Amino acid sequence: MDAFRDSILQRGPIESFALKTVQDFIQPQRQTKLAQDENQMLENMLRTLLQQLVASAAQSGEQIMQYGQLIDDDDDNNVHGHGQIPHLLDVVLYLCEKEHVEGGMIFQLLEDLTEMSTMKNCKDVFGYIESKQDILGKQELFARGKLVMLRTCNQLLRRLSKANDVVFCGRILMFLAHFFPLSERSAVNIKGVFNTSNETKYEKDPPKGRISVDFNFYKTFWSLQEYFCNPASLTTASTKWQKFSSSLAVVLNTFDAQPLSEEEGEANSLEEEAATFNIKYLTSSKLMGLELKDSSFRRHILLQCLILFDYLRAPGKNDKDLPSETMKEELKSCEDRVKKLLEITPPKGKEFLRAVEHILEREKNWVWWKRDGCQPFEKQPIENKSPNAGHKRRRQRWRLGNKELSQLWRWAEQNPNAEKDSQRVKTPDIADYWKPLAEDMDPSAGIEDAYHHKNNRVYCWKGLRFAARQDLEGFSRFTDLGIEGVVPVELLPPEVRSKYQARPNEKAKRAKKDETKGGSLEEETKAVSAEGALVGGSTSEAEGEVGRGESEAMESDAIADTPTPEEQQRLGGSDTDNGQEAGQIEDTETEEGGLMDTDLNHPPMPIS
C-alpha cells in the first residue's frame with residue numbers, strides 16, 4: 001500500500017504517470033482498459049488509501065483537503081489547496097474520464113470522503129465537487145455515478161441544519177439542479193408525496209395568566225397547519241373539509257375585522273429581513289397579538305390557503321380525488337375572500353396578489369408535465385454543417401409552379417386517355433347543376449329554409465359562374481328575380497314556373513327594341529354605301545360586295561332621273577357620254593401611278 005501510495009501521488013503531470021502506475025500494480029489483461037475484476041481490485045485499493053489519508057489528517061489536526069504538502073504552488077493541478085487527497089481525486093478523475101477505469105469509481109470515493117469528514121471539512125469536499133461539475137456531468141461519467149452523487153448530496157442535506165446551514169443547503173440544491181437534467185424524475189416528486197413530518201406544534205391548553213387574544217381563536221388558527229401540511233386528507237373525508245372551512249372562516253373574519261393600515265404594514269413588515277433567512281414562525285400564544293399585526297405573517301397564511309385551493313383543483317388528479325360540486329362552490333367563495341384580503345394587505349397588496357396569481361398559473365404547467373410522465377426537455381445537438389452548407393442552395397424550379405401540379409401534368413402525358421375518361425372531373429351541365437335548387441323550390445318537397453340550396457353561398461356563387469358562361473339569358477334574370485330566377489324554367493315545377501317565366505309584354509318590348517336597333521343599323525349601312533358610290537368605284541372589294549345591291553338600285557334611279565345642271569356641276573360637270581355611269585367621277589392615273597380626282601378645284605372625299 002505504501003508503494004502504491006508513493007506511485008500514485010508522485011509529482012508531475014497526471015497523464016504522464018497515472019495509467020502507468022495502474023498497469024504496474026494491477027497488471028491488466030488489456031493495456032488501456034481494466035476488466036471488471038481488475039476495476040474492483042483497484043477500487044478497493046483506492047478506498048483503503050483514501051481512508052488512511054483521512055485518518056492521518058485527523059491525527060495531525062489538519063483539514064483533510066489541505067493535508068500533505070505535496071503539490072507546488074505553480075502546478076496546474078493546484079486548485080483546491082496543496083493536499084494529497086485532492087491530488088488522489090484528480091488522478092482517479094483523469095482515469096475515469098479517459099475510460100481507463102470504471103466511470104463510477106470517482107463517485108464512490110467522493111461518497112466515502114463525505115461520510116468520513118466533519119461538516120466543516122464537508123464544505124471543502126463539496127467545493128471540490130462543484131469545481132469538477134463539468135467533468136463529472138459528462139455523459140460517460142454521469143450515467144454510471146448519478147445515483148451515487150444523488151445519495152451523497154441527500155446524506156449531506158440530512159446532516160445539515162435547516163436553520164443554521166441554510167447557505168450550504170442552498171449550494172447543494174443548486175448543484176443538484178445543474179448536475180441533473182430538468183426532467184430527472186428523482187427531483188420532481190412524481191408521486192406527489194407530502195412532507196407530513198414538518199409538524200407545527202402549538203399549545204393545547206391555555207397558559208396561566210392573561211393572553212392578548214382569545215385562546216380558542218389561537219387553537220383554531222394554528223390547527224389550519226395540519227391541513228396545509230397534508231392537503232390530500234381534505235378530499236378523503238367530508239367531515240375534515242367542513243371542519244377546515246369553518247376554521248378558515250373564523251380566521252378570515254378576524255382578518256376582516258382587524259385590517260392593517262399603510263403605516264402599520266410598512267412598520268411591522270418583515271419581508272426584507274425574511275428574504276435573508278428561513279422563517280419558521282413561533283407558535284406561542286403570547287405572540288399571537290403581535291403576529292396578527294404583521295403584514296408578512298398574514299400574507300404567509302393567506303398564501304398557504306391559495307396553494308391549498310390550487311392543489312384541490314389540480315387538473316392532474318384522478319376523478320375520484322376531484323372535489324364535489326358543493327365543495328367547488330365553497331372553494332370559489334373562499335378563494336375570492338382570500339384574494340380580496342391579500343389585495344388590501346399593505347404594502348403593495350395589488351402587486352403582491354398579481355405576482356402570486358402569475359406563479360400559480362405557471363404551476364399548472366408543471367402539474368400537467370408531471371401528469372404526462374415528465375417528458376424530457378433536452379433537444380438533440382445540431383449536427384456540424386459541412387463547409388459548403390453555408391452556401392444557399394438554388395431553389396428547385398417546377399414546370400407548373402410546384403411539385404404537385406408538375407406531377408399531375410406528367411401523369412397526363414404518360415396517360416393520353418386521361419382526358420377522355422368518363423370518370424374524369426369536369427364542369428357540369430347547367431341543367432344538372434341547378435337541378436337540386438329546382439327540387440328545393442317545389443312546395444310539396446317541404447324543404448326547410450335552413451337546408452335550402454339558395455342559402456348555400458358557395459353553391460350559388462358557382463352557379464352564377466356557370467350561368468355567365470352557358471346561359472346568359474338566365475344570368476340576366478338574377479337582378480330582378482334573385483338566384484331562383486337563374487334556374488332554367490324547364491326544370492321548375494309547374495306551380496312555380498309561371499312566376500319565373502318572362503312576361504309577354506316584356507318579350508314584345510325586347511323584340512321591338514331589337515327591330516329598332518336593326519333598322520337603324522340598316523340605314524347606317526345604306527348611307528355608308530351611298531357615300532362610297534359618290535366618291536368613286538375604287539373602294540375596297542369588301543365594301544363593294546357589302547353594298548352591291550344598294551348600288552344597283554342607285555344606278556336605276558340615276559338613269560331614270562337625269563341630274564340638273566347644278567347637280568352636274570356639283571358632281572363634276574360631265575354627262576355619261578363616254579359610257580360612264582351616272583354619279584361616278586372619272587379617275588386618271590398620275591405619273592406616279594396613283595389615282596387623283598379630275599376636278600382639281602375639289603379635293604377627294606374620304607372613303608368610309
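Predicted model: local features only at pLDDT ≥ 70, side-chain atom pairs only at ≥ 80, totals over all residues.

User: At what angle do α10 and α12 pack?

Analyst: Helices here are DSSP runs (H or I, at least four residues), numbered from the N terminus. Axes are lines fitted to C-alpha atoms over the stretch in contact, and angles run from 0 to 180 degrees between N-to-C directions. Helix α10 (residues 215-229) packs on helix α12 (residues 238-257) at about 130°, with the axes 9 Å apart.

User: What do we call α10 and α12 in relation to each other?

Analyst: Under 35 degrees is roughly parallel, over 145 roughly antiparallel, 65 to 115 roughly perpendicular, and the rest oblique. So α10 and α12 are oblique.

User: Which residues of α10 and α12 meet?

Analyst: Contact means heavy atoms within 4.5 Å. Among those in α10 are Phe217, Phe221 and Leu224; α12 brings residues including Phe244, Leu248 and Val251. By class, this contact of α10 with α12 has ten nonpolar, four polar and two charged residues.

User: How do the axes of α6 and α9 cross?

Analyst: Helix α6 (residues 119-131) and helix α9 (residues 166-179) cross at roughly 25°, their axes coming within 12 Å. That makes α6 roughly parallel to α9. Residues of α6 including Phe126 and Ile129 meet residues of α9 including Phe168 and Phe175.

How values were computed
Residues numbered from 1 in each chain as written. Heavy atoms only, no water. Helix = DSSP H or I, 4+ residues; strand = E, 2+ residues; numbered from the N terminus. Nonpolar A, V, L, I, M, F, W, Y, C, P; charged D, E, K, R; others polar.
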